[in-house]
Amino acid sequence: MLTLALISVMKFLIVGLGNVGNEYAHTRHNIGFDVVNAFVLKHKASFSAGRLAYVADIKWKGKTFVCICPSTFMNLSGKAVKYWMDKEKIVLENMLVIVDDVALPLSKLRLKPGGSDGGHNGLTSLQESLGTTGYARLRFGTGNDYPKGMQSEFVLGKWRKEEEPLIKIKIEKSVETIEAFATQGITAAMNWINNQDFSL
């Protein structure tokens, strides 16, 4: 019989950050939702409404993935993450959060084992709920091409038409990064994704 410790090592929590509601769909701030949705679709699973989040379960290569998109709105994301971590008994090292990042160019994805919230409301909420910043996050660069004082409008806006083909490529690479994180570990996944530049 598998021990509980071994089961927990094989179980991963994949978190996409975003806001629920049609007005937020496919905005820069919701890229976490879009990446996790692409991962779930690739593995032929689907979301159902659960407590504090939309949830999908995937089994792949001997591992279980609990994928969540919090339904709490961005600034309360930590409540949903803490609930599902505890419910599924997933260790912190096996959690990966996908998040938009204006401090990163559009050409970049960056996987990190931890770090500050960088002023991101979703990450701030996670830190408050979990009491740590020591969890992996995949930062999806949005660039910061907006006038001074217009960051909120920028992140809550949709991708420009000319950006969409590049976003599609980056979403596919993000899905591969989730898979690499689970199968090869964070160091190998970081070495693979962090040096890549994405352009059309």
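1. Lysine 61 sits in the loop that joins strand 3 (53-60) to strand 4 (63-70), where strands are DSSP runs of E with at least two residues and helices are runs of H or I with at least four, numbered from the N terminus. Although lysine 61 is not a glycine, its phi is positive, at about 50°. Its relative accessibility is 62%, so lysine 61 counts as exposed (over 50% relative accessible area, with a 1.4 Å probe and protein chains only).

2. This is a predicted model, in which local features need pLDDT of at least 70, side-chain atom pairs count only at pLDDT 80 or more, and totals for chains, interfaces and linings use all residues. Residues are numbered from 1 along each chain as its sequence is written, and side-chain values use heavy atoms, with hydrogens and water left out.

3. Histidine 26, in the loop between strand 1 (11-16) and helix 2 (31-42), also has a positive phi without being a glycine, with a value near 60°.

4. Helix 3 (residues 77-88) packs against helix 4 (residues 121-130) at an angle of about 45°, and their axes lie 7 Å apart, the axes being lines fitted to C-alpha atoms over the stretch in contact and the angle running from 0 to 180 degrees between N-to-C directions. Helix 3 is therefore oblique to helix 4, a term for angles that are not under 35 degrees (roughly parallel), over 145 (roughly antiparallel) or 65 to 115 (roughly perpendicular).

5. In this contact (heavy atoms within 4.5 Å), the residues of helix 3 include Val81 and Met85, and those of helix 4 include Leu126 and Leu130.

Note on methods:
Buried means under 20% relative accessible area, exposed over 50%, partly exposed in between (1.4 Å probe, protein chains only).
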